[in-house]
Amino acid sequence: MEALQQLMMGFSIAITPLNLLYCLLGTIAGTIIGALPGIGPSAGISILLPLTFGINPTSAMILMAGIYCGAMYGGTITSVLINLPGEASSVMTTLDGYQMALQGRAGTALGIAAFGSFIAGTASVILLMLVAVPLVKVALSFGPPEYFALMLMGLTTIAGLAGGSALKAFLVTFLGLLVSTSGMDALSGHPRLTFDFTELLDGINFLVVAVGLFGIGEVLYSAEKTLKLQFVTTTIRNVWPSREDWRLSWKPITRGTFLGFIVGVLPGAGGTIASFLSYATEKKLSPHPERFGKGAIEGVAGPESANNSSTGGAMVPLLTLGIPGSGTTAIMLGALMMFGLQPGPLLFQKNPDFVWGVIASMYIGNVMLLIMNIGCIPLFVKILKIPNALLMPLIIVFSTVGVYAVDNSLFDVGLLFVFSIVGYLMRKFDLPPAPLVLSVVLGPMVERAMRQSLTMSLGSYDIFYTRPISAGLLLVALAMVVWPLIDWLRQRRRNGASGS
Amino acid sequence: MKRAEQVLGLVLLLFAVYIGYESSLIEAGAEFGMGPGFMPFWLSVGLGITSAILLVRASVLPAGRFEPAFYPEKTGALRVTLVLAGYFLAIVLMKPLGMPISLAILTAVTMPVFGSRSWKAITFTAVLTLFGVYLVFGRWLGVPLPMGILETVLPVYGPIY
């Protein structure tokens, strides 16, 4: 009941003309960003973040949430029409979505994706409300040791689940944490890793790292692999799914919604893993698994619902605990801190208008996205035909001025150049960028929580494993470090056995 | 790519050793637990260990397990170099020429790299970048852009003459 009253208050904030405008702009920008191959929500939010300086934090967060949700919708368009995922979480949609397009059913594929995304996105916001309120009550009892353990768990989980090589993900995490220690120590005032640059005394802004890695790093990668988008030559009609389409899709949508939300809450496992799991589940449960990969509508409905539902799930740890679980939510957390807000359980008590305004805007955003994705798909397809020759320089220009605008510092622009090269090389070496950004954002918080804990225990490390919640979370963190090692050993043994 | 992974492991290992040395010069202990040097030191140890494993792994695994080449196409490498060179040039010119002009130059340099062949379109976009950056960021959002030689012609503050 309390949550419902708060939600009503949130709606009163979200439906102000200015916030509705930011919500609309966010969802449009998100859909375009999601549809453009190579640019994900992380890049979109970090590039557009400087445009929000000067507006109030609630409107800024509404814009960012709109981009985040919109990107999940937008990724579908290119997956279905060009067989190229606009966003990593839309990879699974290419398998059946593109086949449907080849069979002349592009409209139905895009339609069911839009409806499934709407249902899942809305349901995930309801679940977010249901989970967040009790979780905040639990989180209020957390002390520095629990926060330290929680953040450590977040960092190890995102490294462990990053996909690809766990070794590389852990390496990147260490690198990100090292970057975060640069600057003047908050307690002693001692300069650390500043290499005699006075500009580094304030540390390295997370936005410089995020824009370099996700924005210009990606531009450099696209420069190497000049991409030509080849659209399926079909007219997009019959966006409304038929009764038979609904009969086949309602179960995948329902399962995808719950699966996506749960996966979204977990640190490190975002929309991509949610859609992979959903596709695998649907194929396994289907009485005709042979249809998958040949244009099965369930292969579009399930994964698309799951990746949209993960956005609501990802907002749970961000809003209730102040701990992001992915690169995108890490950028949102950094942005909130730049706006002077301290995400965490107290946010619900101190800034209820902000939290509930954002939650309410997510409902509105999902309605806007449904209308746009049903009515304006041909328009988005036209936008997608903007040549790279125009888009890529525009991204560099926006990124550069945006990073400069944070502190009005040309030194930051120089650092951006360095992190752009780092981002490009990371892409080449298959090093995941999300753990790096997450550790840059979480690094100072981890260190502060550890120091506060040790001060509480008069320097004894017992405090971390004598408190049950902290000990439990640390065990999970340890498991995330050990698991890839066990997996590797098992794989080696299996390969050895098959070889002999 | 095997050689490239070896180089990456080695460079990161050397970087970790350097950071570890720098951090060891900072006080690691404090009255309760950890001082300012504690985190950077132990993080550099972590980075050192992971990069050493990466180096060993890249040396032990057969070359067939890696991508055949760092740059499958030479033209791809050339395009990346051109964008980076253009970007570097723009950053160097930002103070003397101003941010709008340097970003306009950057646009003009990078557009052909991404496939534009029309000089009319390139010139038009570059000019649009110059005024767009000035009007959107300088005037509308009030960012005090470095204007360089344009400082008196296009002021960031005050009325536009």
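Reader: Across the interface of chain A and chain B, how many residue pairs are in polar contact?
Author: This is a predicted model. Both residues of a pair must be at pLDDT 80 or more.

Reader: Which helix gives the most to the side of chain A that touches chain B?
Author: Several elements of chain A each supply at least two residues to that side, among them helix H8 (166-181), helix H9 (206-224) and helix H18 (410-428). Strand E2 (191-192) is also one of them. The top contributor gives 12 residues, and that is H17(A).

Reader: By class, how many nonpolar residues has the side of chain A that touches chain B?
Author: Chain A brings 58 residues to the contact, and chain B brings 59. On the chain A side, 12 are polar and 7 are charged. The nonpolar residues there number 39.

Reader: How much area do chain A and chain B bury between them?
Author: Carbon and sulfur atoms carry 83% of it. Leu167(A), Phe417(A) and Phe429(A) supply 12% of the area that chain A buries against chain B, more than any other three residues. Between them, the two chains bury about 5,200 Å².

Reader: Which residue of chain A forms a salt bridge with Glu5(B)?
Author: Side chains of opposite charge can pair when their charged atoms come close. Across the interface of chain A and chain B, the rule finds 1 salt bridge. The closest N and O atoms are 2.7 Å apart, and the partner of Glu5(B) is Lys168(A).

Reader: How many residues apart in sequence are the parts that Arg451(A) and Asp185(A) tie together?
Author: Over all chains, the search finds 11 salt bridges. One joins the side chains of Arg451(A) and Asp185(A), at 2.7 Å from N to O. Arg451(A) lies in helix H19 and Asp185(A) in the loop between strand E1 (183-184) and E2, so the separation in sequence is 266 residues.

Reader: How are H5(A) and H11(A) oriented to each other?
Author: Val91(A), Met92(A), Leu95(A) and Asp96(A) of H5(A) meet Ser275(A), Phe276(A) and Tyr279(A) of H11(A). By class, this contact has 5 nonpolar, 1 polar and 1 charged residues. The helix axes lie 8 Å apart, at an angle of about 40°. The two helices are therefore oblique.

Definitions and conventions. Residues are numbered from 1 along each chain as its sequence is written. Chains are lettered from A and ligands numbered from 1 in the order in which they are written. This is a predicted model: local features need pLDDT of at least 70, side-chain atom pairs count only at pLDDT 80 or more; totals for chains, interfaces and linings use all residues. Side-chain values use heavy atoms; hydrogens and water are left out. Axes are lines fitted to C-alpha atoms, for helices over the stretch in contact, and angles run from 0 to 180 degrees between N-to-C directions. Helices (H or I, at least four residues) and strands (E, at least two) are DSSP runs, numbered from the N terminus. Angles under 35 degrees count as roughly parallel, over 145 as roughly antiparallel, 65 to 115 as roughly perpendicular and the rest as oblique. Contact means heavy atoms within 4.5 Å. Ala, Val, Leu, Ile, Met, Phe, Trp, Tyr, Cys and Pro count as nonpolar, Asp, Glu, Lys and Arg as charged, and the others, Gly among them, as polar. Buried area is the accessible area (1.4 Å probe) that two parts lose on being put together, summed over both. A salt bridge is a side-chain nitrogen of Lys or Arg within 4 Å of a carboxyl oxygen of Asp or Glu. A polar contact is a pair of N or O atoms within 3.5 Å; within protein, one must be able to donate a hydrogen and the other to accept it, and residues adjacent in sequence count only if both atoms are side-chain atoms.
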